[in-house]
Amino acid sequence: MILLKTLATPPNAQLSNLGWDWMLGKDTLPYLSNEVVIVTPTETDTYYEAANELFEMFVAAGQHVIDENRFAELGIPDNLVDLIKLSWNDDRNIHLYGRFDLAGGIDGRPIKLIEFNADTATCLPETAVVQYAHLRANGLDDSHQFNAVFETLTDQFEELLALNPDLQPTLLLSAMRGFPEDDANVALIGEAAREADFELEFDFVDNVEFSAEEGIFWQNPKNGEFEKLDFWFKLVPWESIAEDEPELIKILTEIVRKRLAVILNPAYTLLFQSKYILKILWELYPNHPLLLETDTKPLAGKACVEKVLFGREGANVRILNADGSERQAANGEYGEYPKIYQEYVEFPQDASGYTYQAGVFYAGEACGLGFRRGGLILDNSAGFVGHVVE
């Protein structure tokens, strides 16, 4: 059973000051809660160790995919393979950050990997800022939370500068229009980069100019001139760019090949993002205590979860009973992708029957914990719940 603690002072005022009113759920159920999950120091240590071990396993699985040329099985578009290899083979292209979604870890349940949001992970502001503000508003200090997300992101940007002394410390951050949640995630990443002494610009991805001969450019609205930036962070999924903008992929491949810019997260993170990697992991590490059995067909005699290779926020997920009948399903726009089947595991629940999935951020190392709360399938209606270490 999940144990919850109610903190008297909500984080609403801090959120309004940041312009993050979209988190307050004015038109729907509140996205944030005054409750926090009680976690022990031993449990936070276990989450930390699990995420670090899992990342090493993902790196080994990625190398296996490249060595054995298994890109097609992962659903990787052909036009991305060269860029993936270029970014993988150059250690200056570090993975900036991602989020492991995990079952268990509390109430005596073993941790099990659900998936790795390695390319365009969200929930950064909630994890790094909101739950911390909630903690401080109630008179608690840093020692009561596993949360060094902002500091660790800043370290990652400092590492990027150290690895790329031939490039200017100029960073363009881009998201797609009309998604305030994405803007908030990008803003937080920008603040970490600023702390590491990057010069920043923000613009929506449709305003960015790309040249295979010269690099990545942003048009300064003050003088109308195009300015070159040597680092580009994009909160746009790699598979979407590959499918919708194949010409751009050709240009980005040349930009990386010629060292005209470093792109974050690198293209190789799509290897980790594809849920087929869960099957590769099971092949390489069968019966590993952190993994769930995964295959390309339903697991005989076992309840399992059907997932599309590039689904997000629980879309197009089906939970199947051991006899193959459907227990629950979620609609979505990703149904055309191939599917994998992962052994079903119960999420911990609270006294009201809500389920909890742990999210552990990884930025060079495991660095922060938060929880999504909802039903059997955690979709885009799930809420965010912080934690307190006691």
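A salt bridge is a side-chain nitrogen of Lys or Arg within 4 Å of a carboxyl oxygen of Asp or Glu. Arg136 and Asp142 form one, with their closest N and O atoms 3.7 Å apart. Before going on, a word on the source: this is a predicted model, in which local features need pLDDT of at least 70 and side-chain atom pairs count only at pLDDT 80 or more, while totals for chains, interfaces and linings use all residues. Residues are numbered from 1 along each chain as its sequence is written, and side-chain values use heavy atoms, with hydrogens and water left out.

The structure holds 22 salt bridges. Another one links Glu254 to Arg257, at 3.1 Å between the closest N and O atoms. Both residues lie in helix H8, residues 246-257, and are three residues apart, about one turn of the helix. Helices here are DSSP runs of H or I with at least four residues, strands are runs of E with at least two, and both are numbered from the N terminus. Glu254 is partly exposed at 23%, and Arg257 is partly exposed at 43%. Salt bridges that share partners also join Arg70, Glu73, Lys279 and Glu283 into one network.

Now the domains. The domain assignment, which is automatic or from a database, gives domain 1 as 4-274 + 348-389 and domain 2 as 299-343. Their centres, taken over C-alpha atoms, are 24 Å apart. Contact means heavy atoms within 4.5 Å, and 20 residues of domain 1 are in contact with 14 residues of domain 2.

How many salt bridges are there between domain 1 and domain 2? The count is one. Glu115 forms a salt bridge with Lys307, with the closest N and O atoms 3.1 Å apart. On the side of domain 1 that touches domain 2, strand E4 (112-117), helix H7 (238-244) and helix H9 (269-273) each give two or more residues. The largest share, three residues, comes from E4.

Gln156 counts as buried because its relative accessibility is 10%. Leaving out residues up to four places away in sequence, Gln156 touches Ile94, His95, Leu96, Ala363 and Gly364.

Conventions: Buried means under 20% relative accessible area, exposed over 50%, partly exposed in between (1.4 Å probe, protein chains only).
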